[in-house]
Amino acid sequence: MTENMRSLRKLFLYKCLFALTFWNLISLSVENELFTSVSNNFPEDGSDKKLKSLPLLYTNSHQSKANFDWVVIQNTTESLSLSEITNDNVKKLVSLLSNFRQGSKLQNLTLTNVSVDWNALIDIFQTVWHSSIEYFNINNVTQLLDIVFHGFNYSGTSMKALTVKKVVITNLYFSQDHLYRIFAEMNIASLTIAESEMIHMVCPLSDSPLRYLNFLKNDLTDLLFQNCDKLIKLETLILQKNKFESLSKVSFMTSHMKLLKYLDMSNNLLSHDAADVQCQWAESLTELDLSSNQLTDSVFKCLPVNVKKLNLQNNQITSVAKGMAELKSLKELNLASNRLADLPGCSGFTSLEFLNVEMNLILTPSADFFQSCPRVRELQAGDNPFKCSCELQDFIRLERQSGGKLFGWPAAYMCEYPEDLRGTQLKDFHLTELACNTTLLLVTALLLTLVLVAVVAFLCIYLDVPWYVRMTWQWTQTKRRAWHNHPKEQETILQFHAFISYSEHDSLWVKNELIPNLEKGEGCIQLCQHERNFIPGKSIVENIINCIEKSYKSIFVLSPNFVQSEWCHYELYFAHHKLFSENSNSLILILLEPILPYNIPARYHKLKALMAKRTYLEWPKERSKRALFWANLRAAISINLPMVDGKTCGETD
């Protein structure tokens, strides 16, 4: 019949029992009480290939009908999926499976939504055990009645792997040995019991052939497989999402597993805080997953010495102390989502090639990481709260020199601090060499200071600042002494029309021309001259100050000789000081002989300023112009002075 069904796309059967071979069948439906099937695993080219996969769903639309037939797909299919198995149809299932004796094509069986008694469940397992099935998956299992001891014949099986997921046991009181012994003694290579709230598993009574064991998401504790030496061929052990607490007990659990290579203890409650507790791991263990536990820095005191791949992600590790662990075979280390403040060194991990420290608390990574870890080919350090400062510049420079060893660069590397740089990628963060090099900054500051000192010193020397400071000090001290000795006489009484300041080389002109023409002419002008008015016993500076203060004006006889005289400089300074302190117009400049600007010493900068800003009287060489000169000079110093000692102008003793 099937020879004429090569183009058949759908077939509906009702209460039939056939041995069928299908080629292009897309959908098989058995109405009412039997199975519906949807599968695309059929040959589309019209070849003579047999059916490889046939998933069947038992619909049981008429529960009242107890007698029905099963579709038997014998010697044609490699995979079979059945669903909705109950106590009502379990015998039919066992009958169906009995047809797949060893030598049949069926290798994969999946049962979903199984709700049967313990004895019925054992019958299913026993039937599968002596069939051609190699891989048996059973999901969503509800065991209804009491669990009791049941013998099991493990001999002569084709089974290689059993996967049991989501088992619910309604009986709360039973012997654990009756349940777990069935699974512990299974002579298969792979066993998975997951998401089943399993609290224990017994140790096999004899050497077990198990190479793969997966107890994902159960309630197992540190009591599992303690002192169990029968798992001698076990290579992979997955205990993820259980309730293990002691890392040292886990290590002793593995110590008898001589071939164990991979251990997954992630998502447990593991810790290791006792420094004096020893650990003993299987020497064959090369890959260990301890992520998402409660481990701290002390975990590095309890690790398998030959481990090559170690996952410590999402724990509470703050640092990897130097010398704490000697893991010379370690090539891959995952420390992401911990509390590290810096990159770990490689003193204990001399073969390290891959390191992940993402999502830690690293502000400024060490710039010498690749020097201490020369074999590292990839570093994942993104998503840390980087502090963009001078110290980080070296790490950024390291990235440029690493040749692409920073995984996730630049997107995962951003500034977190300071706030004004938050969100800035590290590749866009730059500071000048001067701002970050402390030595260079100190040298630059020192050089600038030296230059500033040199400039100030030069200006002080050029402008004769020490001389002015000394003169200011002397003037201040003179005024202080005068106030201290005669406090009631501090109100200055003018006694002279003018004080004359001149060089000794110009004294003949002063005595023969200036004094006679002013004092003997009209106006009764009284002049103060150092030779006749300085008081013996007082210092020259004090006499100069007193004469300037008691004179209405100060006459300076300027000539090349004047600018070379130290005392003339003193007198000019004090007169200029009076000019500013009393806000008066008391200076009269007489240019006796021309003075070229470059002949005026630098310290006479005030004289230069005065000559540039003030009008000075120039001594005329022509006699016809001298009358006007004297008239202008008398007008400049004309003032009525008060009587001195009861004498008026012109009176003598």
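Colleague: How many disulfides does the structure hold?

Modeller: The structure holds four disulfides, where a disulfide is a pair of cysteine sulfur atoms within 2.5 Å. This is a predicted model, in which local features need pLDDT of at least 70 and side-chain atom pairs count only at pLDDT 80 or more, while totals for chains, interfaces and linings use all residues. Residues are numbered from 1 along each chain as its sequence is written, and side-chain values use heavy atoms, with hydrogens and water left out.

Colleague: How far apart are the sulfur atoms of Cys203 and Cys228?

Modeller: The sulfur atoms of Cys203 and Cys228 are 2.0 Å apart, and the two form a disulfide. Their link has 75° about the S-S bond and is right-handed. Cys203 lies in the loop between β9 and β10, and Cys228 in the loop between β10 and β11, so the pair ties together parts that are 25 residues apart in sequence. Strands here are DSSP runs (E, at least two residues), as are helices (H or I, at least four), numbered from the N terminus.

Colleague: Is Cys228 buried or exposed?

Modeller: Cys228 is buried, at 1% relative accessibility. Buried means under 20% relative accessible area, exposed over 50%, and partly exposed in between (1.4 Å probe, protein chains only).

Colleague: What is the torsion about the S-S bond of Cys279 and Cys302?

Modeller: It is about -110° for Cys279 and Cys302, so that disulfide is left-handed. The loop between β12 and β13 holds Cys279, and the loop between β13 and β14 holds Cys302, so parts 23 residues apart in sequence are tied together. The S to S distance of Cys279 and Cys302 is 1.8 Å.

Colleague: And which residue is joined to Cys346?

Modeller: Cys373, with S to S at 1.8 Å. The torsion about the S-S bond of Cys346 and Cys373 is about 100°, so this disulfide is right-handed. Both Cys346 and Cys373 are buried.

Colleague: Now the sheets. In what order do the strands of the open sheet come?

Modeller: The order is β21-β20-β22-β23-β24, five strands with parallel pairing. Two strands pair if DSSP finds at least two bridges between them. β21 and β24 stand at the edges with a single partner strand each, so one side of each is left without a neighbour in the sheet.

Colleague: What packs on the sheet?

Modeller: Helix α10 (residues 507–519) does, touching β20, β21, β22 and β23, and its direction makes about 145° with that of β22. Helix α12 (residues 540–549) lies across β20, β21 and β22, at about 120° to β22. Contact means heavy atoms within 4.5 Å. Axes are lines fitted to C-alpha atoms, for helices over the stretch in contact, and angles run from 0 to 180 degrees between N-to-C directions.

Colleague: How many bridges join β5 to β6?

Modeller: Seven, and the two strands run parallel. The chain crosses from β5 through helix α1 (residues 90–97) to β6, and this β-α-β crossover is right-handed. Right-handed here means that, with the strands pointing away from the viewer, the path from the first strand over the helix to the second runs clockwise.

Colleague: What about β6 and β7?

Modeller: Eight bridges join β6 to β7, running parallel. With helix α2 (residues 118–129), β6 and β7 make a right-handed β-α-β unit.
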